[in-house]
Amino acid sequence: MKPWQTVVRYGAIALASVMIFSIAFWGLRIFGIAFAVASVGTYEEAEVYSFNANGIENLKIDIAAAQFSLKFSNGDKITVKTNIKNLTAKESGNTLKVKEKQGLFTVTNTDAFVEIFYPIDFEFKDVDIDSGAGQLGINYLTTERLDLDLGAGNASLHSLTVTKEADIDGGTGHLNFSSSYISGLDLDMGVGQLSMDAVLSGNNHISLGIGETFCHFYGESDDYYLDVEKGIGEIEYYHTDDANFERNGQATTVKIEGGIGKISVSLEGSPNNWQ
């Protein structure tokens, strides 16, 4: 994508975002007069659903609006804990499906939450997450494939391991990767800051949106080939050399398409201190 095309693309995104926000705001004001906007009910005490981990390979999650987290536990079950009345959690074959039912004019309470726990050494095959509004936290998740669609809110991914491919669509908010190992990353950022502290492998593509970007890739410097396309904003490189920008049979390829905002890219060392 040429620089002038990037300008047009992200200028259009910014304009469209303003227009969509304005339409949504006034639309809700109008409908709020004509209809009573119902709030999704929450329990005073959380409901807990427990599943045998041995029969589950995949995880499919559709959360409309809630504080949502995935994290390990010391038990041998996969557990879903929530205070949302309209949420269902059930097994379908080898897939655990967690879904929040949402009406057309329904607004979720700000204290709504969903927590999913799994054994610390558990490895999924496919994890598919559609996250709406709210904070997202993922800790110590291992999967072959990850499909993550983010909405509005910050997302923190810590000790994420994806062994085959990861398809991530950013929403609005800060997206942070820390202590992560990802193979075959396809990341399409939205609006917000991207911070990445990770080991990448295979072929990776990062398309930036609007916001600053900080990428720290760990591993041997001569294992990485960097193909960086400038958008609007400056680019800074740390601990790279000319060989990183020349194809020479490197094991890992990282293509970055700039958006609007500063980009910082660094390559350095081994993640020995990660926890």
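This is a predicted model: local features need pLDDT of at least 70, side-chain atom pairs count only at pLDDT 80 or more; totals for chains, interfaces and linings use all residues.
User: How many residues does the largest nonpolar core have?

Analyst: A residue belongs to a nonpolar core when it is buried, of a listed nonpolar type and joined through side-chain atoms within 4.5 Å. In the largest such core, the residues with the most contacts inside it are L70, L175, F177, L187, M196, I206 and F217. The number of residues in that core is 60.

User: Which residues does M196 touch, leaving out those up to four places away in sequence?

Analyst: M196 is one of the residues with the most contacts inside the largest nonpolar core. Contact here means heavy atoms within 4.5 Å. With residues up to four places away in sequence set aside, M196 touches F177, L185, L187, I206, F214, C215, H216 and F217.

User: Why does the salt bridge of K125 and E57 tie together parts that are apart in sequence, and how many residues apart are they?

Analyst: The side chains of K125 and E57 meet at 3.8 Å, N to O. K125 lies in strand 10, whereas E57 lies in the loop between strand 2 (42-52) and strand 3, so the pair ties together parts whose separation in sequence is 68 residues.

User: Is K125 buried or partly exposed?

Analyst: Buried means under 20% relative accessible area, and exposed means over 50%. K125 has 37% relative accessibility.

User: Which residue meets D128 in a salt bridge?

Analyst: The N to O distance in this salt bridge is 3.4 Å. The pair links distant parts of the chain, with D128 in strand 10 and its partner in strand 3, 68 residues apart.

User: Which residues do salt bridges with shared partners join into one network?

Analyst: The side chains of E144 and R145 meet in a salt bridge of 3.5 Å, N to O. E144 is partly exposed with a relative accessible area of 22%, and R145 is partly exposed with 29%. Salt bridges that share partners make one network of E144, R145, K164 and E165.

User: How many charged residues are in the lining of the second largest pocket?

Analyst: This pocket has a volume of about 160 Å³. Its lining comprises 13 residues, and D126, V127, R145, L146 and D147 lie nearest its centre. Strand 3 (58-65), strand 10 (124-133), strand 11 (136-149) and strand 12 (155-169) each supply at least two of the lining residues. By class, four are nonpolar and two polar, and the number of charged residues is seven.

User: What is the volume of the largest cavity?

Analyst: The whole structure holds two cavities of 30 Å³ or more. The lining of the largest cavity includes L150, G151, G153, A155, L175 and M189. That lining divides into four nonpolar, seven polar and no charged residues. The space in the largest cavity is about 50 Å³.

User: How many polar residues are in the lining of the second largest cavity?

Analyst: The second largest cavity has a volume of about 40 Å³. Its lining is made up of S131, G132, G134, L136, L150, G151, A152, G153, N154 and A155. Gly counts as polar in this classing. Four lining residues are nonpolar and no residue is charged, while the number of polar residues is six.

How values were computed. Residues are numbered from 1 along each chain as its sequence is written. Side-chain values use heavy atoms; hydrogens and water are left out. Buried means under 20% relative accessible area, exposed over 50%, partly exposed in between (1.4 Å probe, protein chains only). On a 1 Å grid over the protein atoms alone, a cavity is a set of points where a 1.4 Å probe fits but cannot get out, and a pocket is an open set with protein on both sides within 12 Å along at least five of seven lines; lining residues have an atom within 4 Å of a point. Grid points are joined across faces, edges and corners, and a volume is the space filled by probe spheres set on the points. Helices (H or I, at least four residues) and strands (E, at least two) are DSSP runs, numbered from the N terminus. A salt bridge is a side-chain nitrogen of Lys or Arg within 4 Å of a carboxyl oxygen of Asp or Glu.
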